[in-house]
Amino acid sequence: MQQTRAVEVGTGLFVALGMAAIFFLTTQTAGSNNFSGADSFSVTARFDNVGSLKDKAPVSMSGVTIGRVTSVVFDPASLDAVVTFVIDSQYDRIPEDSDASILTSGLLGSQYIGLQAGGSEFSLEEGSEIQFTQSAIVIENLISKYLFNNDSDDESE
Amino acid sequence: MIRDLWYTLVEFFRTFGAFQLFFLRLLTNSPSILLHRFNLVVKQVYNAGALSLVIIMVCGLFVGGVLGLQGYSSLSKFNAEDSVGTFAAFSLVKELGPVITALLFSGRAGTALASEIGLMKATDQLSAMEMMAIDPLRRVLVPRFLGGVISMPLLAVVFSTIGLFGAHLVGVNMLGVDAGAFWSQMQTTLEPKDIYEGIFKSFVFGVVASLFAVWEGYNAIPTAEGVGRATTRTVVISAISVLILDFMITAVFM
């Protein structure tokens, strides 16, 4: 009797430890990136080039994550990319004429959307579209522009 | 000569088929044992899981520490020491946790299962059960198999968690990586999907390691040498199949 009791206590402790470890791993190591998406409104923006922007990329304003990209699709009618993202509804005072640009975190980091506040009295709301956008910077284009400019400089001189 | 070859071939498929049927019998008998004889399973969870905790925790701590050291020394070449946490968490949760736990598990618990069952067979305990109209598969094998399957994922997450603390100990406390960066970088990169992948892997490895242990023990030649050989084969086959399966699962989840 005493022995089965020890076995049961040991097993109980072991399983409890395992559960605690699962709980720790799921809650502490894999962050929800401080944005739950529970209560939010969605906004769209059109870009000529989204670079390597992906689903779930953060949307940030002044460096603080306020939302998340939900879809990136190509619109065959207007020949540009339509990015839909959700913004936490506690940020309901973002001016309507804010501009969205695709930025890169760090030199080799992943891409995200940065919002720059505008001056309008009206705020962004569910379904509104951001008018002012700036595409992702593609390194190849930058380099070719640089080379091209150099060439033209040479010719003009 | 050709007859020998033919015989070997047929024998190979016979073993293979017998193995499948054995696995099927274990699975079909599992639900009723889980429901009606749960105390037997608890005993085996204790044997396979709770008693393996010490080796798992000590190894986890040191594997995590090594990841901290190695990660620091290679990442500092790119001035990216802050990513040590991400590096350690990814390696532990997705690969090292499940794989090393499975290897340790087959060494610690699998061999114990195989030799225990083999010895039961050698001393005619299994035949005695059959004489008393008790199915040894239900009474002896299924609880041991289930005990292993239940224990493995729990052991693997314990391993990963302790490993993370080991990496923290080395990276943050010894080498001076910022603790905030260590955890926040990990949290922004690691997704719940990665953790589920690790748990899924360890579950599969648990099934494989316990299945081979039980199978080898049950089919051991009932002599001292046979039991010894069965124990060795358990470790060898489990290790090989765990590593092959790891590759396959990782490729599927990519």
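Two strands are said to pair if DSSP finds at least two bridges between them. Strands here (E, at least two residues) and helices (H or I, at least four residues) are DSSP runs, numbered from the N terminus. The structure is a predicted model, in which local features need pLDDT of at least 70, side-chain atom pairs count only at pLDDT 80 or more, and totals for chains, interfaces and linings use all residues. Residues are numbered from 1 along each chain as its sequence is written, while chains are lettered from A and ligands numbered from 1 in the order in which they are written.

Strand β2 (residues 58-61) of chain A pairs with strand β3 (residues 64-75) of chain A in the antiparallel sense, over four bridges. Within this pair, A:P58 has A:R68 in β3(A) as its bridge partner. The two strands form a hairpin with two residues between them, and A:S62 in the turn has a positive phi of about 55 degrees. Strand β2(A) is also joined to β6(A), by three bridges, and these two run parallel. Here A:V59 has A:I113 in β6(A) as its bridge partner. Strand β6 (residues 111-116) of chain A pairs in turn with strand β5 (residues 99-104) of chain A, in the antiparallel sense and over six bridges; A:A100 stands opposite A:L115 in β6(A).

These pairings belong to an open sheet of eight strands with mixed pairing, in the order β7-β1-β4-β3-β2-β6-β5-β8 (chain A). Because β7 (129-130) and β8 (132-134) of chain A stand at the edges with a single partner strand each, one side of each is left without a neighbour in the sheet.

Chain A as a whole is assigned domain 1 (1-31) and domain 2 (40-143), with bounds that come from an automatic or database domain assignment. The centres of domain 1 of chain A and domain 2 of chain A, taken over C-alpha atoms, are separated by 44 Å.

Chain B has nine helices and zero strands. Its C-alpha atoms fill a box of roughly 65 × 50 × 30 Å, taken along the principal axes. The average pLDDT (the predictor's confidence in each residue, from 0 to 100) of chain B is 91, and 100% of the residues score at least 70. Of the 254 residues in chain B, 45% are buried; a residue is buried if 20 or more other C-beta atoms, placed from the backbone, lie within 10 Å of its own, exposed if 12 or fewer, and partly exposed in between.

Where do the two chains meet? The contact takes 18 residues from chain A and 23 residues from chain B, two residues being in contact if their C-beta atoms, placed from the backbone, lie within 7 Å. One example is A:A21, which lies in helix α1 (residues 2-29) of chain A. Leaving out residues up to four places away in sequence, A:A21 touches B:V157, B:V158 and B:T161. A:A21 is buried, because 23 other C-beta atoms lie within 10 Å.

A nonpolar core is a set of buried Ala, Val, Leu, Ile, Met, Phe, Trp, Tyr and Cys residues joined through C-beta atoms within 7 Å. The largest has 74 residues, of which B:V158, B:A209 and B:V214 touch the most other members. A second, separate core of 21 residues includes A:V59, A:V69, A:I113 and A:L124.
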